[in-house]
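Please look at the sequence and the model shown here, and keep both in view while reading.

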Amino acid sequence: QQLLRVLLAFSEFQDLGYCQGLNFIALHCLAHMEEEEAFWMLVKLMVGANLWPMYDADSPFLYNAICLVEEELADQLPRLSAHFEREDVSTRPFSTEWLTTLFVRGVSFECALRAWDLMLLASPHVLDVLFKITIAIWSLLEERLLEMNMEQIMMGLKQMVEELDVVTLLSVAVDIPLSDSTRASLRNFSHSSSCSLQ
């Protein structure tokens, strides 16, 4: 019931319908704070950091963000990007899950907690952190993935990600240098989607 109330309150606050992914984020908030605090944390992330268009079915925000992740992957890890292309592996399902759930799903529980620490510290530049962690995951798994075919990747990636050492992952993520064009695009996302707290 708490989860339902938080989601309904937020949908009225931001005028959004049901949004896949938000339930995992709200549930994560409720696991660590009271109901009203969880609601305002959701507001801080979605509105304060301008992530809400990622959950708007009429917005190209999520599609553009996923394409930008692919561009950054090709730029920073060209061998892995080329291998995925040869094996007909799309990174979009993984990136979509990681971004839309803010890493509540797809990684270990400890990793989710640490990732949120980084996101909250970086707010309002939460997208930067999401991108850095995403690229760091691919970077740490690159050598293993290069030896795998499509079936092996699709079957084994989830477990491989969950088994990554959290300290190593986030240390690598912090040092990931996003390209100037990616940073500019992320700022443009934020400005174009910006709205003030009501």
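## Terms and source

Helices (H or I, at least four residues) and strands (E, at least two) are DSSP runs, numbered from the N terminus. This is a predicted model, in which local features need pLDDT of at least 70 and side-chain atom pairs count only at pLDDT 80 or more, while totals for chains, interfaces and linings use all residues. Residues are numbered from 1 along each chain as its sequence is written, and side-chain values use heavy atoms, with hydrogens and water left out.

Helix H5 spans residues 78-86, and its residues Leu80, Ser81, His83 and Phe84 are buried (buried means under 20% relative accessible area, exposed over 50%, partly exposed in between, with a 1.4 Å probe and protein chains only). Seen down the axis of H5, the buried residues fall within an arc of 160°, so they line one face of the helix; the arc is that of the directions from the helix axis to the C-beta atoms. On the other side of H5, Glu85 and Arg86 are exposed. After H5 comes Asp88, whose phi is positive, near 60°.

## What covers H5

The cover over the buried residues of H5 includes helix H4 (61-76), helix H8 (126-145) and helix H9 (150-162), where contact means heavy atoms within 4.5 Å.

Leu145 lies in helix H8, and it counts as buried because its relative accessibility is 0%. Leaving out residues up to four places away in sequence, Leu145 touches Leu80, His83, Phe84, Trp138, Ile153, Leu157 and Met160.
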